[in-house]
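Subject: Structure for your review

Dear colleague,

Please find below the structure that I am handing over to you. My findings follow it.

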Amino acid sequence: MQPTEFQLNALTGLAGAGFDAIIDARSPSEFAEDHLPGAINLPVLDDAQRAEVGTIYKQVSPFHARKIGGALAAANVARHVAGPLAGHGGGWRPLVYCWRGGQRSGAFATILAQIGWRTARLSGGWKSWRALVLDQVERRGPPAPVVVLDGNTGAAKTEILHLLAARGVQVVDLEGLANHRGSLFGARPGGQPAQKLFETRLAMALAGLDPARPVVVEAESSRIGGLALPRAMWRAICEAPRLRLSVPVAARAAYTARAYADAVLEPGRVEATVARLAPLHPAERIEDWRALAQRGEWAALAEGLMRHHYDPRYEKHRARHDALERAVIGVERLDAAGLEDAAARVEAAVAGLHPQGL
């Protein structure tokens, strides 16, 4: 019994293919950089083994490299079969892939097929998947009309975006996909994904959109933390109509102090971030901000940062998009009731821009 070849022609093609598992046979570092959604990593060669075989290939001979690599691969596949795969019955149907559909996935898939499992190998490997991702995020972009939710720092754009989703509005949470809140203090536990993995997550989010309905995204710069927005997504944000949240600075500061409670719990994190702003502000202001951080006066610190750092830069940036602004939504409070009211008004404004789409 031999494995079959599976040709993937669309990002959504995996959903209806009926595989019970997707096995990434590449090394752990390759898997961490990017992988197919839902894949598990069962390496044919780990990172150290892959480097060892590569060195032998270059310094000794391809034959010796294949001999050593084959022995290592056989031992690793045997451990996978006896370990994480041991509980599967005869009807189990896995899809196996490696970097380009070559020796690693070929060896693994052949063994699984010989056992009797209904095994398929991804034609072209991860590279074929990557081509589909790049086509979506670099060339085509969002298939649905985009509406950008804008507003100064602390205007609760992300939380309102989530409330819109709960109301049935189509959204893409770029900061969620990037695992970063898009500000100097925006790092989240677990860190950010690799750039390629972020692009895969974004591609899947875009591929799942209903083209007949508008999609709301948060206003972003071209980078979210350390990750760059792909060209087609960035172009869509720059060209889309905007709805701006206008929230008093005191309300934004109080909300930010609550929303960033995890950041202030980490010793020294806020002070270190404030120190990074020293080249941009007078020394006296930096010292004032450091003192507020030391005393734990987070709302006062947030308000100072907004008035003197974030808001001036936002106003300069917003001027580039004045022609795209379609409505300003005033929000006085950012408590639960105020956020729900803001979400309802944003939903109505989106419906006004695309009356047939909601």
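**Findings**

Of the contacts in the chain between residues at least 6 apart in sequence, 73% join residues at least 24 apart. Please note that the model is predicted.

As to the chain as a whole, 15 helices and 12 strands form its secondary structure. Its C-alpha atoms fill a box of roughly 70 × 50 × 35 Å along the principal axes. The chain has 358 residues, and 47% of them are buried. Carbon and sulfur atoms account for 55% of an accessible surface of about 16,500 Å². With regard to charge, there are 42 positive and 37 negative side chains, and the centres of these two sets lie 7 Å apart.

Helix 3 comprises 21 residues, 62-82. From its first C-alpha to its last, helix 3 reaches 30 Å, which is close to the 30 Å expected at 1.5 Å a residue. The buried residues in helix 3 are A65, G69, A73, N76, V77 and H80. Viewed down the axis of helix 3, the buried residues lie within an arc of 100°, and therefore they line one face of the helix.

What do the buried residues of helix 3 pack against? Their partners are helix 2 (47-59) and helix 4 (103-115). On the face turned away from the buried side, helix 3 carries the exposed residues F63, R79 and A82.

Yours sincerely

Note on methods: Residues numbered from 1 in each chain as written. Predicted model: local features only at pLDDT ≥ 70, side-chain atom pairs only at ≥ 80, totals over all residues. Heavy atoms only, no water. Helix = DSSP H or I, 4+ residues; strand = E, 2+ residues; numbered from the N terminus. Buried < 20%, exposed > 50% of the residue type's maximum accessible area, 1.4 Å probe, protein only. Contact = heavy atoms within 4.5 Å. Areas by Shrake-Rupley, 256 points an atom, 1.4 Å probe, with all protein chains shown as cover. Lys, Arg positive; Asp, Glu negative; His and termini not counted. Charge placed at Lys NZ, Arg CZ, Asp CG, Glu CD. Expected span 1.5 Å × (residues − 1). Arc of directions from axis to C-beta.
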